[in-house]
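Please look over the structure below. The report that follows covers a sheet, its helices and the chain contacts.

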Amino acid sequence: MSEAEKRLEELGIALPEVPKPVANYVPWVKSGNQLYVSGQLPFKDGKLLHMGLTGEGVSADEAKSCARQCAINIIAVVHGAVGLSNVRRVVKLVGFVACPASFTGQPGVINGASDLMAEVFGEAGRHARSAVGVGSLPLNAPVEIEAIFEVA
Amino acid sequence: MSEAEKRLEELGIALPEVPKPVANYVPWVKSGNQLYVSGQLPFKDGKLLHMGLTGEGVSADEAKSCARQCAINIIAVVHGAVGLSNVRRVVKLVGFVACPASFTGQPGVINGASDLMAEVFGEAGRHARSAVGVGSLPLNAPVEIEAIFEVA
Amino acid sequence: MSEAEKRLEELGIALPEVPKPVANYVPWVKSGNQLYVSGQLPFKDGKLLHMGLTGEGVSADEAKSCARQCAINIIAVVHGAVGLSNVRRVVKLVGFVACPASFTGQPGVINGASDLMAEVFGEAGRHARSAVGVGSLPLNAPVEIEAIFEVA
């Protein structure tokens, strides 16, 4: 069991099954030493954790827990793709937060994902990041996060 | 003629000329084995295929055809850059859909691009992807798509 | 002093200190020959140059100067990370412009960053790019820009 898997166990996080792709895109592509993970939504047990706009129907705290769930799903994809023991570094996250123009706390929301990466991967989990607010996201999700990992 | 060019011919798609850049950015940059393609708008014969917001003035189907046109323009850039026979893999697409907050069907729209990549490049056309809804796009375009390819 | 540093001096630009990260993400990550720079806001001397939406409270010209400031901050990060003499190429910028749906001049805004890259790095400063309009950005900033550089 890799260090990251031990940390997940200590955190009480069981990685979900990665759903089979239903369209002409896939959850991940490996190019050289880089693993590109498709934008993940906050699905848990087949349902979105919350739905709606952050700062309107969804609170900043709920959106932050969505960001954490997106990160869990990203880690599940990486685990299925190459195994967590082959992760060298979380390179980058881009976090999209669905919100009205009045909401400007995107960094705090996306910290839900950034914090989990650090908890699971330690120093190797610290990443470059962008956080932006968008008008809407697929299926009315409040958060979507994509990632690039460096792998062995 | 490469396999991808044959597929384009079978699909009746003639690749457009890539417009000369008019600013200090360029349609593509090659870095190692990765080709980064600038965000493409649904231009056809010098005009946007549709203008406006998806789910308002532009229907989801019209936006999907815009996504397909963006993909044609991306393929044209790649052809001009390195030649389609040097494509190893479509690594990633990011699809931005201009829409009001009430529209949450971004994945269906961006499938217009994903499907074309699979039609033209086969297995090598299946890519990682993010699809998000944004408030507005350059020149009032309903869709903008950027891409990363792995090339020989 | 590298050529890029000479150009900055001629342009009268002093690179700011890069703020220490206060969260579990970092201003940059190097992966192979690629340097990923986190999304930068138009901070100058610890304050945002302008606040609000482009085309509403913030003019297109003011937003363009924000984009230039984002580019200065990106260059400061790169300088601190690897030194400007190790820059081989600006690979890509993604520019997010906070604006209402009625504003469609994102390319002109992001030219503020693209032009500076060309002024500082010459031919090596010409990059792939996407420019999109979003509903809101962290701390009510009108512009956020992220970057990928190729470095030695």
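The sections below go from the fold of one chain to the contacts between chains. The model is predicted.

## The sheet of chain A

In chain A, 5 strands make up an open sheet. Their order is 1-2-7-5-6, and the pairing is mixed. Strand 1 (28-31) and strand 6 (128-134) of chain A each have a single partner strand, so they stand at the edges with one side lacking a neighbour in the sheet. On average, neighbouring strands of this sheet are turned by 15 degrees against each other, direction ignored.

Strand 5 (residues 87-98) of chain A pairs with strand 6 of chain A in the parallel sense. The pairing runs over 7 bridges. In strand 6 of chain A, A:V134 is the bridge partner of A:A98.

## Helices across the sheet

Helix 2 (residues 60-82) of chain A lies across strands 1, 2 (34-40), 5 and 7 (143-151) of chain A. Its angle to strand 7 of chain A is about 35 degrees.

Helix 3 (residues 106-121) of chain A lies across strands 5, 6 and 7 of chain A. Helix 3 of chain A runs at about 160 degrees to strand 5 of chain A.

## Contacts between chains

Chain B puts 28 residues in contact with 23 residues of chain A. Strand 5 (87-98), helix 3 (106-121) and strand 6 (128-134) of chain B each supply at least two residues of the side that touches chain A. That side of chain B has 12 nonpolar, 10 polar and 6 charged residues.

Between chains C and B, the contact takes 28 residues from chain C and 23 residues from chain B. On the side of chain C that touches chain B, strand 5 (87-98), helix 3 (106-121) and strand 6 (128-134) of chain C each supply at least two residues. By class, this side of chain C has 12 nonpolar, 10 polar and 6 charged residues.

Notes: Residues numbered from 1 in each chain as written. Chains lettered and ligands numbered in written order. Predicted model: local features only at pLDDT ≥ 70, side-chain atom pairs only at ≥ 80, totals over all residues. Contact = placed C-beta atoms within 7 Å. Helix = DSSP H or I, 4+ residues; strand = E, 2+ residues; numbered from the N terminus. Nonpolar A, V, L, I, M, F, W, Y, C, P; charged D, E, K, R; others polar. Pairing = 2+ DSSP bridges. Axes fitted to C-alpha atoms, helices over the stretch in contact; angles between N-to-C directions.
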